[in-house]
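This report is meant for a reader meeting the structure for the first time. Please look over the sequence and the structure shown here before reading on.

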Amino acid sequence: MSTSAQATNSQLRIVVVGNGMVGHHFVDQLIEHNTSVGADNSALHISVLSAEPRLAYDRVHLSEFFSGKSADELALTTPEYYQQHKIDYKLNAAVTHIDKVAKTVTTVQGEVLSYNKLILATGSYPFVPPIPGNDQPHCLVYRTIEDLEAISASSKVSKIGVVVGGGLLGLEAANALKEAGLETHVVEFAPQLMAVQVDGGGGRLLRSKIEALGVKVHTQKATQTIEAGDVCRYKMCFADGSFLETDMILFSAGIRPQDKLAREFDIAIGERGGIVVDNHCQTNIDDIYAIGECALWNNFIFGLVAPGYTMARVAAAHILGGDQTFLGADMSTKLKLMGVEVGSIGDAHAKTAGALCYTYENQASAVYKKMVVDSSKKKLIGAVLVGDTSDYDTLLQYALNGIDLPEHPEALILPASGGAKPGLGADALPATATICSCHNVSKGDIIAAFDGGACSLSDIKSCTKASSGCGGCSALLKSVCDAELSKRGVEVKKDICEHFAYSRQELFHLVKVGKLQTFDELLTKHGKGLGCEVCKPAAANILASVWNEFILKPDHVSLQDTNDTYLGNMQKDGTYSIIPRIAGGEITPDKLIVLGQVGKKYNLYTKITGGQRIDLFGARVDQLPEIWKILIDAGFETGHAYAKSLRTVKSCVGSTWCRYGVQDSVGQAIELENRYKGLRSPHKLKFAVSGCTRECAEAQSKDIGIIATENGWNLYVCGNGGMKPRHADLFATDLDTETLVKYIDRVLMFYVRTADRLQRTSVWMENLEGGLEYLKQVVIEDSLGLGAELESQMQVVVDAYQCEWKTAIENEESRKRFRQFVNSDKADTNIVFVEERQQIRPATPEEKASFTQQQQAKRIAVELV
Amino acid sequence: MTNSTNWITVCQESDLVANSGVCALINEQQIALFKVKNAGQEQLFAISNWDPIGEANVLYRGLLCSVGDTVAVASPLYKQRFCLSSGTCLDSDDVTIKVYPIRLENQAVQLQVSQ
């Protein structure tokens, strides 16, 4: 595949060899220049020659190929983009010849291109140690998308995989093998992992963390031969006499600069390889430049993308007549390897003369941090972080900007106890501080962008490209932008959507103070347009929290999310699941039998939930009312599993039965569940009650957790499980039941009033200014004088409780909603089940297709008869 | 069938729900019908009930929303919004669903469905 655009005689011909990340960045610089002068009369003619079958892609995030990212998603550019900007590019076009005198290059296809400026951006190649047997099938490397495809194919016919090399790339590769489901080993020659970036202490911790993930690590192993295996495909024999059997081997033992062209055509290279360049990235030959991992500057190869990008900018500027220089680059890195956070800054090994170290190691939490400071103890010159890189940004800014360290620098890496850490706020950074090193964006550039009219974080991202490389600076960028915006008096917008210029808290206030009962009133008075899928359910939720009317009343019905509208949880095929309330998880055998009978009669898939209830799946919308009629007649009521409201109060068996229980946790759970059921809240609410300190109900993972003590109840608040688990905080101890209920009333109603839409209690509390202490003041000390009001508001909701399903099936109009078609009693033919483990499950699209074919065949057969 | 311009009565106006949807079955095709109250006016819309992204017949159960002047329905499955008058998906460039002409004749809701 190639494009061609003829160069005119007056144009400067630039030929770029290689289209990796750096080569592409160089082209992008020239495109930007062209755009600024007008592409049509550009003085540049740019040709790109790539040895790979595709244009540039993101090698930094290559391992995401195994977690499902496609080659297209990894692409950094498209053929259309190059065509649009008249870039003449050729794929599969390795360069085989350079004629420095005639100034031409020749591709493997024999095509000759002349140049005025030649850029070598050939990158690097994986180093494969010279071990006999390293060239057999299933002995692979990790560099290109084609390599990954080969690894993927090999892993399908392998059980065990070994990565040779325990550096950064090696561990990335090990992660890929692990993701592919192989038993994974890492074999390293050095005594530790990531020996370049991490010191001995950090290396030990890193190893134990990686081994805990199931990857076996073998250090100080020199592979001597790769022979046929006894039980696996291969056997790796080590110098110390030991061996390891494996089905595939992945070499990731470092990279070597791809300097073959320079070698063959007498361009100066370093003793150990790499094309020698000066501060302008020029080689020793006029008009030939080298950038990225193939270039050797000051006897150093830079194997990271950020320095490569800097070289690309410097070379482009030099060709265009500018005067930027490349003066080395910071090699600090922060990354997550198999979920393990690792950070390395500057002189990680404290090799600088007179350097002093501060080390913090917490084996219990598996965290290791080391700071290296200069002999004056004033400047940070290096750091190693393993297990927790939250201090990385701050430390990096100290190191890069030479900021004087605070009086007790160790506080920078010690866990904050009580007081806050000596933070390095965005304001403390000098204008020269580099925020994004991939795109070389300084704090000064960001301020200039705001001066130039940018008004938001996303504006800054699009005009400076900050945070669009490795993304490691995103948190820092946000805090710099926020600080800058607030300095300019810009309020951070909290509008819920385009229809209301208010936050949820403000809407709640408007509804309550204005005594608004319907969405129409709210929209007419305070909004515009028709509303949307964001503000309608939020308003319905607020109206329910304040007035607690039947949510399917004609005024409210069009506001509800489908789960609320049909009082069930919609599943992927459009059917619903049914969860009746089983307060505290206590249920009689008779009721269990009813659930079984309903499940059987309607052929529903049955499963026990995490909240001690029973979920019946696969009910069609038209079946819901009759199923619920049976359940309600048997004494069940709705479980609100579909709603943003109280779900369950989980309980352990408590003192009634348990030898260790000190209070009746089941009784308490039932009481609480019955009190708060039906309370609509900003997000779902989960409770649990444990009967003793053994905590079998897992109350500390709930929004409201209660643990029995000899003297009463300990109350925990604002925990949750799910995507970002958080332990609940101890709120009050040894409460009697009356006080317990009073506090819960107040906490929940305060949350309902002030939280954002879809904000769980944990995030809500963390965002309250003053956090837990403030919440205690409001609830326990009644510092706002709101206590009585919050309690009476809760009582209104409790008194207005009704079983929504009972109301729905008794009401003719509501019942009409539960049909698939207004004009037919037929069922939705797209709902098809197959059997698995003696129960139904939704058919896959392929199963549905074959089912439809069978139906058609039957129909045709009938017609023929 | 050759006559493709016939209007078919599918239900009565009273079967529709204001600012919400119902579904009709016509020649084995599922069609979602919406009645939108907008500035005192009532507008009817008919679109395919099949959500091509969630792959289920559920669009009539979505929430109605306005995006500027466009009236759309948000799929109850993954929340993509579909314009009720053009059928284009506002959240995915390459997805469009079918829309059908709809009218009200003496309280009868009528659709024009090509045969």
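What follows describes the annotated domains, the interface between the chains and some salt bridges.

This is a predicted model, in which local features need pLDDT of at least 70 and side-chain atom pairs count only at pLDDT 80 or more, while totals for chains, interfaces and linings use all residues. Residues are numbered from 1 along each chain as its sequence is written, chains are lettered from A in the order in which they are written, and side-chain values use heavy atoms, with hydrogens and water left out.

**Annotated domains**

An unreviewed UniProt entry lists "domain: Nitrite/sulphite reductase 4Fe-4S" at residues 643–781 of chain A, and UniProt, again from an unreviewed entry, places "domain: Rieske-like [2Fe-2S]" at residues 6–112 of chain B. Such annotations may be inferred rather than shown by experiment, and feature names are shortened. The chain A span is 33% helix and 22% strand, with its end C-alpha atoms 32 Å apart, whereas the chain B span is 0% helix and 55% strand, with its end C-alpha atoms 6 Å apart. Helices (H or I, at least four residues) and strands (E, at least two) are DSSP runs, numbered from the N terminus.

**The interface**

In the interface, 41 residues of chain B are in contact (heavy atoms within 4.5 Å) with 36 residues of chain A. Three salt bridges cross it, a salt bridge being a side-chain nitrogen of Lys or Arg within 4 Å of a carboxyl oxygen of Asp or Glu; B:Glu28 and A:Lys826 form a salt bridge with their closest N and O atoms 2.7 Å apart. On the side of chain B that touches chain A, the elements giving two or more residues include β1 (7–12), β2 (20–26) and β3 (29–38) of chain B, and β2(B) provides the largest share, seven residues.

| Pair | N to O distance |
|---|---|
| A:Glu64 and A:Lys69 | 3.1 Å |
| A:Lys260 and A:Glu264 | 4.0 Å |
| A:Glu766 and A:Arg726 | 2.7 Å |

A:Glu766, in helix α22 (residues 761–767), and A:Arg726, in the loop between β36 (712–717) and β37 (729–735), are 40 residues apart and link distant parts of the chain. A:Glu766 is exposed at 52% relative accessible area, while A:Arg726 is buried at 17%, where buried means under 20% relative accessible area, exposed over 50% and partly exposed in between (1.4 Å probe, protein chains only). A:Lys260 and A:Glu264 both lie in helix α7 (residues 260–264), four residues apart, about one turn of the helix.
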